[in-house]
Protein chains: 2
Amino acid sequence: MDMADTRQRLIDGAIQTIRQHGITGTSARTIANTAGVNQALVFYHFGSVHELLEVACLAATEARVAPFLARVDAVTSLRQLLDLGRQLHAEERSLGNVMVLAQMLAGSQADPKLAKATSAALHLWIGPIEQALNRLLADSPLATLVDTAGLARAVCAGFIGLELFEGVDPTGAHAALDALDRLASLVEVIDDLGPVARRALRGKLRKSPA
Amino acid sequence: MDMADTRQRLIDGAIQTIRQHGITGTSARTIANTAGVNQALVFYHFGSVHELLEVACLAATEARVAPFLARVDAVTSLRQLLDLGRQLHAEERSLGNVMVLAQMLAGSQADPKLAKATSAALHLWIGPIEQALNRLLADSPLATLVDTAGLARAVCAGFIGLELFEGVDPTGAHAALDALDRLASLVEVIDDLGPVARRALRGKLRKSPA
DNA sequence: GTCTATAGCATGATAGAC
DNA sequence: GTCTATCATGCTATAGAC
């Protein structure tokens, strides 16, 4: 039953521990405890706590991104993409990959090795989002204005920040998400503009951006 | 010279320690070390490490927000507000209040007492930003669309997320900031719309938002 | 592969000399 | 108010029995 799946239990335990106790409350002992295995096995299977965290963060993110891929491919409009984003955010409250990434990011600021792993995990989200934006904005008046690579990263960073903020002010975070949603609907409208308005807008834009 | 300013040295030491070693590397001993004082004084002056962190976070944020107030009051357009935001972001790289808030937020997720203090500190930023947005959008076509309270919170959360992201991918964070800036210039253009386009836009918006 | 036991060090916090 | 000394506990990591 649990020959080489002790490894998996440790990975799952690491993720659950980060979610429940944050990066500050995560140690070989707390992980092993929630995983229901012996503490020494962390070092036998992964060498160190840090390495377990790196593996766990990547594995958990992969598992969470995989089902997301099909859903994002089915999206055919900006509005649908926004809706998918809100669905995702709601699901994250229970499944919590974003919080894991946030805690890992906090721990990464003083540790280059963690930073590398966390960056890799983040890019598992960034890639598909960027692709979707490229597809949806391909023949939009916004295509020349927005940099989809940068926007995808901004979206991910925003999710991280919102998740952390939600921990200390849930109603405030909800208001923030609503505000962004309404602002995004503005972009959506512009995306749907007719050719005349489109040209007018482009003229206006030409003199304003940096 | 340093009678009751040992207190201040500990506060400064706490902030500097969080910035250099993150929340995971912050302890009574590391703080006292960078402050150049004895470790026991943390508990004499503040009772516990957590209480020192709460005081320090609030004090550092107050000190950083104070000079910001005059600058945000001088702003007279959305473009200027965006520019101020970018200036602020550049300054934060060296002064680092946003990183302190990010690390405190990470630590707050499993600690309600820290959460309360961090939330209070965050609102020192949120308040003035919300005020500025209210003032600048007062008679804009966007006034009915955007919720300034929510938007102010979204902006703060976004800064937090970007700062964390910058730690693991500096060039990616730069691209993200640029993308947001360009997107914001779109909002700026709409803010400057004439009455005809304004009415057309309002009609389009009426059927689209949730 | 998994366990116990333990080394060696860092931690929060306190007691008591000065 | 500040110091030294100390306690109890938690931590990473390893050695060695099974």
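Helix α4 of chain A (residues 49-73) has 25 residues and spans 36 Å from first to last C-alpha, close to the 36 Å expected at 1.5 Å a residue; helices are DSSP runs of H or I with at least four residues, numbered from the N terminus, and the expected span is 1.5 Å times one less than the number of residues. This is a predicted model, in which local features need pLDDT of at least 70, side-chain atom pairs count only at pLDDT 80 or more, and totals for chains, interfaces and linings use all residues. Residues are numbered from 1 along each chain, chains are lettered from A, and side-chain values use heavy atoms without hydrogens or water.

**Exercise 1.** Determine where α4(A) bends.

*Solution.* The bend is the angle between axes fitted to the seven residues ending at a residue and the seven starting there. At A:P67 this angle is about 30 degrees.

**Exercise 2.** Identify which side chains approach phosphate oxygens of DNA strand C, and which approaches a base nitrogen.

*Solution.* Polar contacts are pairs of N or O atoms within 3.5 Å.
- Step 1: a polar side-chain atom of A:T6 lies 2.7 Å from a phosphate oxygen, and one of A:N38 lies 3.2 Å from a phosphate oxygen.
- Step 2: a side-chain N or O atom of B:Q39 is 3.0 Å from a base nitrogen.

**Exercise 3.** State which element gives the largest share of the surface near DNA strand C.

*Solution.* A residue is near the strand if one of its heavy atoms lies within 4 Å of it. Altogether 17 residues surround DNA strand C. The largest share, four residues, comes from α3(A).

Notes
Helices (H or I, at least four residues) and strands (E, at least two) are DSSP runs, numbered from the N terminus. A polar contact is a pair of N or O atoms within 3.5 Å; within protein, one must be able to donate a hydrogen and the other to accept it, and residues adjacent in sequence count only if both atoms are side-chain atoms.
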